[in-house]
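Subject: Structure handover

Hello,

Here is the structure I promised to pass on. My notes follow below it.

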Amino acid sequence: MNMNFNFFMNDVVHTARQEIVAAGYAELKTPEEVEQALEKKGTTLVMVNSVCGCAGGIARPAAAHSVHYDARPDQLVTVFAGQDKEATARAREFFTGKAPSSPSFALLKDGELVAMVERHEIEGHDPMQVIQKLQNYFDQFCEEM
């Protein structure tokens, strides 16, 4: 039973990774990759990915569709909570004053947190509500592309 569960989870993780990369997000798997990406000038949207149902049913679809908008972040990146633990921990150090939350979205400008959509704002909501919240932040902090 345990071996089947591990195979199942590997499939779930692989699918979750593929979905977010296909949406245009760069995976950050090490603390060094996180530092390099999040310290860049401009705006960066970080999607903290996970294997939970609200990540697959709400957060990843919102991540994919929210960026089809006039104003959008300069950079789209993702870390995977529970999988790339050191990278996720390093990313969370940039989310000043926020408790760990996954799935979640953090919008940074010049390396500083300017907005966050936490799990409680994702779970129990529909993807369109999350898209609208993200796009409102894009209007406030991002340039038109």
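How many nonpolar, polar and charged residues are in the lining of the second largest cavity? There are four nonpolar, one polar and two charged residues. Here Ala, Val, Leu, Ile, Met, Phe, Trp, Tyr, Cys and Pro count as nonpolar, Asp, Glu, Lys and Arg as charged, and the others, Gly among them, as polar.

Before the rest, some ground rules. This is a predicted model, in which local features need pLDDT of at least 70 and side-chain atom pairs count only at pLDDT 80 or more, while totals for chains, interfaces and linings use all residues. Residues are numbered from 1 along each chain as its sequence is written, and side-chain values use heavy atoms, with hydrogens and water left out.

Cavities

The structure holds two cavities of 30 Å³ or more. A cavity is a set of points, on a 1 Å grid over the protein atoms alone, where a 1.4 Å probe fits but cannot get out; lining residues have an atom within 4 Å of a point. Grid points are joined across faces, edges and corners, and a volume is the space filled by probe spheres set on the points.

The second largest cavity has about 30 Å³ of space. Its lining is Arg92, Phe95, Lys98, Ala99, Pro100, Ser101 and Met116.

The largest cavity holds about 40 Å³. Among its lining residues are Arg17, Ile20, Glu27, Asn49 and Asp84. Helix H1 (2–22) and strand E3 each supply at least two lining residues. E3 gives the most, with three. Helices (H or I, at least four residues) and strands (E, at least two) are DSSP runs, numbered from the N terminus. By class, this lining has four nonpolar, two polar and four charged residues.

The sheet

Five strands form an open sheet. Their order is E1-E3-E2-E4-E5, and the pairing is mixed. Two strands pair if DSSP finds at least two bridges between them. E1 (26–27) and E5 are the edge strands, each pairing on one side only.

E2 (residues 43–49) and E3 (residues 75–80) run parallel, joined by six bridges. Val48 stands opposite Val79 in E3.

E4 (residues 104–109) and E5 (residues 112–117) are antiparallel, with five bridges. Leu108 stands opposite Leu113 in E5. E4 and E5 make a hairpin with two residues between them. Asp110 sits in that loop. Its phi is near 50°, a positive value in a residue other than glycine.

A cis peptide bond joins Ser102 to Pro103, with omega about 0°.

Helices

Helix H3 (residues 53–66) lies across E2 and E4 and runs at about 165° to E2. Axes are lines fitted to C-alpha atoms, for helices over the stretch in contact, and angles run from 0 to 180 degrees between N-to-C directions. Contact means heavy atoms within 4.5 Å.

H2 (residues 31–38) and H4 (residues 85–93) also meet. Their axes come within 8 Å and cross at roughly 30°. The crossing is right-handed. A crossing is left-handed if the near helix is turned anticlockwise from the far one by less than a right angle, and right-handed if clockwise. From H2, the residues in contact are Pro31, Val34, Glu35 and Leu38; from H4, they are Glu86, Ala87, Arg90 and Ala91. By class, this contact has five nonpolar, no polar and three charged residues.

Best wishes

Technical notes
On a 1 Å grid over the protein atoms alone, a cavity is a set of points where a 1.4 Å probe fits but cannot get out, and a pocket is an open set with protein on both sides within 12 Å along at least five of seven lines; lining residues have an atom within 4 Å of a point.
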